[in-house]
Amino acid sequence: MAGHLRTYPAPRHWPVAIKERAFTVKPSAGPHSTEKCIPLGIVLRDVLGKVTTISEAKRALYERKVFVDGRARTDYRYPVGLMDVVYIKPEEVYFRVMSHAVKKLALMKIPAEEATFKLLKVTGKKLLKQGKIQLAFHDGSTKIFKVEDPFNIQLPYMTNDVLKVSLSDDQVLDHIPLAQGAFVIVTGGRNTGQYGTVIEVPESKSPNALAKVSIGGEETTVTLKYLFPIGKESPIITINGEVA
């Protein structure tokens, strides 16, 4: 049962019925951890309702009808997670994976023009040889930048900032710093799925440091690791689309 996981210990945000199935799909090793993803087969069958069985999901994937972040995916266990862009080719529909107050993770329908880019949160920085800096992102991907002067490193991208990256050529289209006034979505904790505006960012960049955020007109504190900037003042992605 290498490709399966018992339903009972599966993450609660997966829409699988414990009493109906003893086993469910076990996600492959990939960009998102088990606790922060939904396997692609479950997305097609249980979230979007495009198929009724995993066998049908496998067939659709083998026929290269489903794309994630601009690439056709053929593994029904592929882990789909936060900010991934899902494209269903036969129906020409696009979705972005978003944090949700109830579902924790949900697929939100987006227009085609928004499916050309992805938002990546910087989770780490590493200095390499020959004046290069490697950034690590929330989905496990990395990107290397060359610095003109290795003795005076000035890269504007800081940990907890977000980059808007083109899915076609991997170019950085925009930079959204986690700063005062930034529009954010909360990705964990009691305010998961809520949107707000940053009031104050702590000097410490520790993931557990607390930032002041205005959510629904009320001031609250949220740890930095749960804040995901999606706009400098207003969101650059759809936040009120149809949710699956």
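This is a predicted model: local features need pLDDT of at least 70, side-chain atom pairs count only at pLDDT 80 or more; totals for chains, interfaces and linings use all residues.
Contact here means heavy atoms within 4.5 Å. Helix α1 covers residues 40-47 and helix α2 covers residues 54-62. Residues L40, G41, I42, L44 and R45 of α1 meet I54, A57 and L61 of α2. Sorted by class, this contact brings together six nonpolar residues, one polar residue and one charged residue. Two packed helices are described by the angle between their axes and the distance between the axes. For α1 and α2, the angle is about 120 degrees and the axes lie 9 Å apart. Their crossing is right-handed.

How much of α1 is covered? Most of it: seven of its eight residues are buried. The buried ones are L40, G41, I42, V43, L44, R45 and V47. Just past the end of α1 comes G49, whose phi is positive, at about 70 degrees.

The largest nonpolar core has 24 residues, and the members that touch the most others are L40, V80, V86, I88 and L107. As for L107, once neighbours within four places in sequence are set aside, its contacts include V43, V47 and L48. V86, F95, R96 and V97 are also in contact with L107, and so are E242, V243 and A244.

One is E92, which has a positive phi of about 55 degrees although it is not a glycine. E92 belongs to the loop between β7 and β8. Is E92 buried, partly exposed or exposed? With a relative accessible area of 48%, E92 is partly exposed. The other is K104, with a positive phi of about 70 degrees, and again it is not a glycine. This time the residue is found in a strand, namely β9. K104 is also partly exposed, at a relative accessible area of 40%.

Moving on to strand pairing, β10 (residues 117-128) has two partners to consider. With β13 (residues 162-166), β10 pairs in the antiparallel sense over five bridges, and L120 stands opposite L163 of β13. With β11 (residues 132-137), β10 again pairs in the antiparallel sense, over six bridges. Here V122 stands opposite F137 of β11. Strands β10 and β11 form a hairpin, with three residues between them. In the turn of that hairpin, Q130 has a positive phi of about 60 degrees.

Further along, β17 (residues 210-215) and β18 (residues 218-223) pair in the antiparallel sense, over six bridges. V213 stands opposite T220 of β18. These two strands also form a hairpin, with two residues between them. Which residue in this turn has a positive phi? It is G216, at about 60 degrees.

Note on methods: Residues are numbered from 1 along each chain as its sequence is written. Side-chain values use heavy atoms; hydrogens and water are left out. Axes are lines fitted to C-alpha atoms, for helices over the stretch in contact, and angles run from 0 to 180 degrees between N-to-C directions. Helices (H or I, at least four residues) and strands (E, at least two) are DSSP runs, numbered from the N terminus. A crossing is left-handed if the near helix is turned anticlockwise from the far one by less than a right angle, and right-handed if clockwise. Ala, Val, Leu, Ile, Met, Phe, Trp, Tyr, Cys and Pro count as nonpolar, Asp, Glu, Lys and Arg as charged, and the others, Gly among them, as polar. Buried means under 20% relative accessible area, exposed over 50%, partly exposed in between (1.4 Å probe, protein chains only). A nonpolar core is a set of buried Ala, Val, Leu, Ile, Met, Phe, Trp, Tyr and Cys residues joined through side-chain atoms within 4.5 Å. Two strands pair if DSSP finds at least two bridges between them.
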